[in-house]
Amino acid sequence: MTDIILHHYDVSPFSEKVRLLFGLKKLAWKSVIQPVIMPKPDLIPLTGGYRKIPVMQIGADVFCDSQVIMAEIERRAPEPKASLGPSFAINLWADRLFFQTTIPVLFGQMEEGQLDPAFIEDRTKLSGQPFNIAAMKAASGLMKGPWRAQCAWLEQALATSGGDWLFGNAPSIGDFSAYMNFWFLGGAQPATVDALLDGMPLVQAWRKRVAAIGHGQRTNITPADALAVAKASEPAITVPHDPNDPSGIQPGEAAVVMADDYGRDPLGGKLVAANQDRVIIERSDPNLGRLHLHVPRMGFILMRA
């Protein structure tokens, strides 16, 4: 089996979901630490412009966004099964609605000057709107109520699941996705999380169980090592094309995909396949050769070039 390479950084909450899935599957994987902010000169050649983290690389197949990364890990290593219940629906909620309340609660409690101005400028460019710490500070108290309300949904789910996990007796992608927000906020503001979870003992115990899963077997390599792997490889992962895909774009046609929320850098190339799970675009890099970019079908827009 070709090595799994994860491009990430250690404080990335979206990467934590993937690292936990490695732990559940007891997988060995290669770690490449990428910069938190642009420029990312050793990532962009692989992705053609996609700058968000995490990115997973398997040879010359490059997976952008944690949703398609986790789906591919599940496909390659199906046991123990992790796509239990509506796991990917939970993942989308955790990535968007829950995370959108986590951000102001977290950053709104930071002191003026605590964040590097370069980070603020980078996140402003990424989101297309001001990364306004003063506004977050004003909203932080207001957003604690919605944040706690979403925690209560998890408390109810655990109370009725019949087991220690959201969907019963086994951990899932849904557990890891929801946990991401506790990990991110709790890493910087542990007292805040404990206060907001007062009266929710099931969630508190569940958090400890998720954390205990670990990250599998990690080996650190350099970005240059990862680029050399891509250069020496050919795309090798295939999925069927859905002839009824609403885009009407056929394999071999020029196409563009882009995220539908933020970081909307267009990724262009030739369509390889599009189905309910993912879109694959083929592109060529002058130094790396042919690459296949895999993105989720949900959360990305597919258009003719």
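At the start of helix 6 in this predicted model, a side-chain oxygen of Asn132 comes to within 3.0 Å of the backbone nitrogen of Ala134. Along the way helix 6 has a kink of about 50°, centred on Ser140, and just after the helix Gly162 takes a positive phi of about 85°.

Ser140 is also one of the buried residues of helix 6, a group that includes Ile133, Met136, Trp147, Cys151, Leu154 and Leu158. An α-helix has 3.6 residues a turn, so residues three or four places apart point the same way. Among the elements that cover the buried residues of helix 6 are helix 4 (87-107), helix 5 (117-127) and helix 7 (173-188).

Turning to the strands, ten of them form an open sheet with mixed pairing, in the order 5-2-1-3-4-9-8-7-6-10. Strand 5 (217-220) and strand 10 (300-304) stand at the edges with a single partner strand each, so one side of each has no neighbour in the sheet. Neighbouring strands of this sheet are turned against each other by 35° on average, direction ignored.

Within the sheet, strand 1 (residues 5-8) pairs with strand 2 (residues 28-33) in the parallel sense over four bridges, and Ile5 has Lys30 as its bridge partner in strand 2. Helix 1 (residues 13-25) lies across both of these strands, running at about 155° to strand 1, while helix 3 (residues 66-76) lies across strands including strand 3 (55-58) and runs at about 35° to strand 3.

Methods. Residues are numbered from 1 along each chain as its sequence is written. This is a predicted model: local features need pLDDT of at least 70, side-chain atom pairs count only at pLDDT 80 or more; totals for chains, interfaces and linings use all residues. Side-chain values use heavy atoms; hydrogens and water are left out. The bend at a residue is the angle between axes fitted to the seven residues ending there and the seven starting there. Helices (H or I, at least four residues) and strands (E, at least two) are DSSP runs, numbered from the N terminus. Buried means under 20% relative accessible area, exposed over 50%, partly exposed in between (1.4 Å probe, protein chains only). Contact means heavy atoms within 4.5 Å. A polar contact is a pair of N or O atoms within 3.5 Å; within protein, one must be able to donate a hydrogen and the other to accept it, and residues adjacent in sequence count only if both atoms are side-chain atoms. Two strands pair if DSSP finds at least two bridges between them. Axes are lines fitted to C-alpha atoms, for helices over the stretch in contact, and angles run from 0 to 180 degrees between N-to-C directions.
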